[in-house]
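Colleague: I have some questions about this model before I set it up. Please show it first.

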Amino acid sequence: MPHGFDSMFAWTIFIFLLTGFTFFCWMGSFYIFGHPEKVANYHLLKKLHKLEDPQRFEITAAPRGEFLKPSQLLERYGILTPLEITRLNETWIRNFLRNYHQMRGLVAYTTGTYKILMVAPLTQKDIFYPGMVTLLQSLEEPRILLEQVFTSNNANLPALEASLVPGQEIKLEKPQDLSVIIFLEYLTHGRLKFTTMPLLYGTYGTQEMSQNTFSLEPPENLNIEGGLPILTKKQIESFNQEPATTSPLSMDLNAQKAPEENPLDKQISSQEIKRTLVRINKEETKPLPQKVPLVPQVVQEPTQSTALKTTQKIAPGANIPRAIPLNAPRILPAIPITSPPSTSQNSIDSTTKSNVPLSLAVEKTTSPGSETNSSFIPSVASNATLLPSPQVVEPIQSSSPIENALPQGDVENILTTSNSSLSTWSLYEPGKMPRGRLLSPKEFETLGNQGTLGKQLYISGDFSVTASGDHNAVLRYQAGAMNLPVSLCASIRIIVEYPSGILPPSTGTSLSQDRLHPFMITDVKRETNGTLNIYARSITR
């Protein structure tokens, strides 16, 4: 045996062990960084400061995703196998812990109107703390349940507990509500329960902007051992078996759904609006400006200085400046009984500026301090010049084929529906709205067949205002300005909703919206006569 053979063999074994250890560390690092949802991996990454706490997203910097209605959630996730659900849950919680960095695909957001079935406080044993967790049920599809988590700080907990009560409705709208799905669980009777988190962590309140609002905060120091879901099946079943509970969970969920109501015939009472929770923008949380009360006139007692001034003689015919009362109503000329009644207040205002003599009779006011100003009211003149009665100008009737294509009474129904459910949304600077696709009128045929598909869509162009309400307007494309066929413009109706504080354009005017000031499409519906109704919102300041 040659000298040194044993030492070479030992070194060879040692090198192989080092290679295996290196390979193990290399694969282990991939596993640790690739699966932060595991308890041991999560704690190790937190100690190495390789994992951040959940962060608050701005609406313009949120992860790209798709907004799914309850029916779409049931259709997509109701056919998955248990193994597919397990892999999907691991992917969802992994993306959430990474703050949606290194993510592939689109995030799943939930939309719709839900009713609160039960409310429970978060404890230190749960994955999130402090805050509240609610069990929501969809009004559209009762088999869809949401385990919505509301995390907050200790200062906002009392308002959070007072606002979230069973029986209350929560409306999740796109794109201002980003409730992302992070867990899925199958329940009995074919029900699906999704755990959702609001990525914006904003302020919530009623649509009446009452004082009963609460603000959310991102969770800190997650208790990863608590795991998901937060509400167990035993808790849900015990809630379902309570005799005093009238929850829809105890009903037959296999029964057929009632037919959907026509949105034109649906009326929302003020009590229902007050009970619906929505997310409130930062601009809308500021207190509304209060009306300035009228300042009453104070009658001062005559002093020695004023008595001396009143004793001074005034030359006849001198131009004496008159004191105008602060809150006195506008002085109008006297109209004789034989003249026809005036139908336009604006006409009277315009004629009184130039044709009213100083000696016309006026009506004595009864506002505070009127006794002190009574000496300045002129008497009735016998030779007062009579004003001609104003003429009412009839509005010019348009003969555009697009406006004539509107069915009688259809505009009133649309405006009534649009005004019956005022909601709030975010306003953006020109060109600063969320990224989306700008559609042309020729693409609306496909849009009417497929819908928005949860995408961010915008419209722009030159329009004619065919009807206008308090908070909305009905628009039609201008065939000449847009170079479009008249038949295409007549089959497209745009119903635009304007935010509070912005007056819609008046009927008969023209409106031009460029790519920096587009309208955001919220819904698309086709009528039986083939007319395509496009519901949109004005989102630019």
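The questions below go from the whole chain to single residues.

Modeller: One note on conventions first. This is a predicted model: local features need pLDDT of at least 70, side-chain atom pairs count only at pLDDT 80 or more, and totals for chains, interfaces and linings use all residues. Residues are numbered from 1 along each chain as its sequence is written, and side-chain values use heavy atoms, with hydrogens and water left out.

Colleague: How many helices and strands are there in the chain?

Modeller: Both are DSSP runs, numbered from the N terminus: helices are H or I with at least four residues, strands are E with at least two. On that basis, the chain has 15 helices and 19 strands.

Colleague: What share of the residues is buried?

Modeller: Buried means under 20% relative accessible area, exposed over 50%, and partly exposed in between, with a 1.4 Å probe and protein chains only. The chain has 541 residues, and the buried share is 38%.

Colleague: Among contacts between residues at least 6 apart in sequence, what share joins residues at least 24 apart?

Modeller: A contact is heavy atoms within 4.5 Å. Of the contacts in the chain that span at least 6 positions, the share joining residues at least 24 apart is 70%.

Colleague: In which sense does β16 pair with β19?

Modeller: Take the bridge partners. Strand β16 (residues 492-497) and strand β19 (residues 532-538) share 6 bridges, and the sense is parallel.

Colleague: And in which sense does β18 pair with β19?

Modeller: Here Asp-523 stands opposite Tyr-535 in β19. The two strands form a hairpin with 5 residues between them, and Gly-530 in the turn has a positive phi of about 95 degrees. Strand β18 (residues 519-526) meets β19 over 7 bridges, and the sense is antiparallel.

Colleague: What arc do the buried residues of α3 cover?

Modeller: In helix α3 (residues 70-77), the buried ones are Pro-70, Leu-73, Leu-74 and Tyr-77. They sit on the same side of α3, because their arc around the axis is only 100 degrees. The arc is that of the directions from the helix axis to the C-beta atoms.  An α-helix has 3.6 residues a turn, so residues three or four places apart point the same way. 

Colleague: Which backbone oxygen lies 2.9 Å from the side chain of Thr-19?

Modeller: Thr-19 lies in helix α1 (residues 5-34). Its relative accessibility is 47%, so Thr-19 counts as partly exposed. The 2.9 Å distance runs from a polar atom of the Thr-19 side chain to the backbone oxygen of Ile-15.

Colleague: How many disulfides does the structure hold?

Modeller: A disulfide is a pair of cysteine sulfur atoms within 2.5 Å. Cys-489 counts as buried at 1% relative accessibility, and Cys-25 is partly exposed at 36%. The number of disulfides is 0.

Colleague: Is Asn-99 buried or exposed?

Modeller: Asn-99 is in the loop between α4 (82-97) and β2 (107-110). Leaving out residues up to four places away in sequence, Asn-99 touches Glu-52, Asp-53, Pro-54, Gln-55 and Phe-57. Its relative accessible area is 3%, so Asn-99 is buried.

Colleague: Is Gln-102 buried or exposed?

Modeller: Gln-102 is in the loop between α4 and β2. Its phi is near 55 degrees, a positive value in a residue other than glycine. At 67% relative accessibility, Gln-102 is exposed.

Colleague: What is omega for the peptide bond from Leu-228 to Pro-229?

Modeller: Pro-229 is in the loop between β10 (214-215) and α6 (233-240). The bond from Leu-228 is cis, with omega near 0 degrees.

Notes
Two strands pair if DSSP finds at least two bridges between them. A polar contact is a pair of N or O atoms within 3.5 Å; within protein, one must be able to donate a hydrogen and the other to accept it, and residues adjacent in sequence count only if both atoms are side-chain atoms.
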